[in-house]
Amino acid sequence: MLELVLFYTASTIALVATILALTRANATHALIYLILSLLAVAVVFYVIGAPFAAALEVVIYAGAIMVLFIFVIMMLNLGDKGDRREKQLLKPQVWIVPVIFTLVLLVELVLVLSQSTPAEIQGLVTPKQVGLTLFGPYVLAVEIASMLLLAGLVGSFHLGRRYLDEGRENSSRGRS
Amino acid sequence: MGSVSIPLDHVLLLSALLFICGLLGLMMRRNIIFILISLEVMLNSSAVAFVAAGARWGQPDGQIVFMLILAVAAAEVAVGLGLVLQLQRRFKSLDMDDANRMRG
C-alpha cells in the first residue's frame, strides 16, 4: 500500500514540475523545476524496483547534466539583466513551490527509510544483476557508449574552443 | 510478496505524459535552452518506460538501456550547449528563429 502512495505522489510531482519547468520564462527557474522533476522520477524508479537506476538518475541526471546547464547559463553572462534575475531568485514566490515539492519527496524518503524491513518490491532488480548483465551480454553496448561519449567530448571541445578563442581575440582587439 | 505491485500501465502512462510535455515544449518554445530542456524531458520519459518494463519482468535489461540513454543524454547536452555558446556569440540571442537562415 505504501508503495502505491509513494508512486502516485512522486509521479504527480514529476508531472507538475515538468509542466512548470517548460512554462517558465527564466531558464534558471526552469532548471530548478527540472531538477525537482528528475528527483521525483528517481523516487518512481526506486518504488518500481530499480534502486540502481534511481541512484544514477540523482547522481548523473540531476547532478552532472544539470550542472552543465547551469555552467553554460553562467557563461552566457547575461550582464545587468542577469543581476536583476539573481536578486529575484531570493524572493519567496520563486522558491516556495520547489521547496514544498522537495519537502514532500523528503517525507517519502524518510517513510521508506523508517520501515524496519526493506521495502518489499515485486521484481526488484539489484545492482549486482545489472552489472553482471552489463559486462556480460551487453559489453558491446558499453563500447558503443564510450565511443559516443568520445564523439561528444570532441564535438563540444571543438565548438567551445572556438568560442573561447574568438572571445579572447575580441577582448584583446578592444583593448588595443 | 505481501506488497501491492504498481500497475505497469500507470508507469507507462506517466512516461507518455512526460513525453507529451516534452514534445509540446519542444514545439512551442523558441529559446534554445528550453529546447534542450525539452529534449532532456523526452529522453528521461523514454527511460522511465524502459525501466518500468524491465522491472515488470524482473530483468536488468531495462536499467542497462537506461544507462545507455544516460550516455546519449550526456553527449547530446555537451554538444547542444556548445551550439548554444556559438549561437549566443554569433546572433547575440538565444532565439532559434534568428538562426533559421543558411549562408549562401
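This report describes the interface of chain B and chain A and a surface patch on chain A in a predicted model.

Because this is a predicted model, local features need pLDDT of at least 70 and side-chain atom pairs count only at pLDDT 80 or more, while totals for chains, interfaces and linings use all residues. Residues are numbered from 1 along each chain as its sequence is written, chains are lettered from A in the order in which they are written, and side-chain values use heavy atoms, with hydrogens and water left out.

The values for the interface are set out here.

| Interface of chain B and chain A | Value |
|---|---|
| Residues of chain B in contact (heavy atoms within 4.5 Å) | 58 residues |
| Residues of chain A in contact | 61 residues |
| Buried area (accessible area, 1.4 Å probe, lost on being put together, summed over both) | about 5400 Å² |

Of this buried area, 77% is on carbon and sulfur atoms. Ile6(B), Gln63(B) and Leu85(B) supply 12% of what chain B buries against chain A, more than any other three residues.

On chain A, a nonpolar surface patch of about 830 Å² is made by residues including Trp95(A), Leu106(A) and Leu113(A); patch residues have over 30% relative accessible area and no salt bridge, with nonpolar side chains (Val, Leu, Ile, Met, Phe, Trp, Tyr) joined within 5 Å and like charges within 9 Å. Leu106(A) lies in helix α5, residues 92-114, and counts as partly exposed because its relative accessibility is 45%, between the limits of under 20% for buried and over 50% for exposed.

Methods: Accessible areas come from the Shrake-Rupley method with a 1.4 Å probe; for residues, only the protein chains shown count as cover. A salt bridge is a side-chain nitrogen of Lys or Arg within 4 Å of a carboxyl oxygen of Asp or Glu. Helices (H or I, at least four residues) and strands (E, at least two) are DSSP runs, numbered from the N terminus. Buried means under 20% relative accessible area, exposed over 50%, partly exposed in between (1.4 Å probe, protein chains only). Buried area is the accessible area (1.4 Å probe) that two parts lose on being put together, summed over both.
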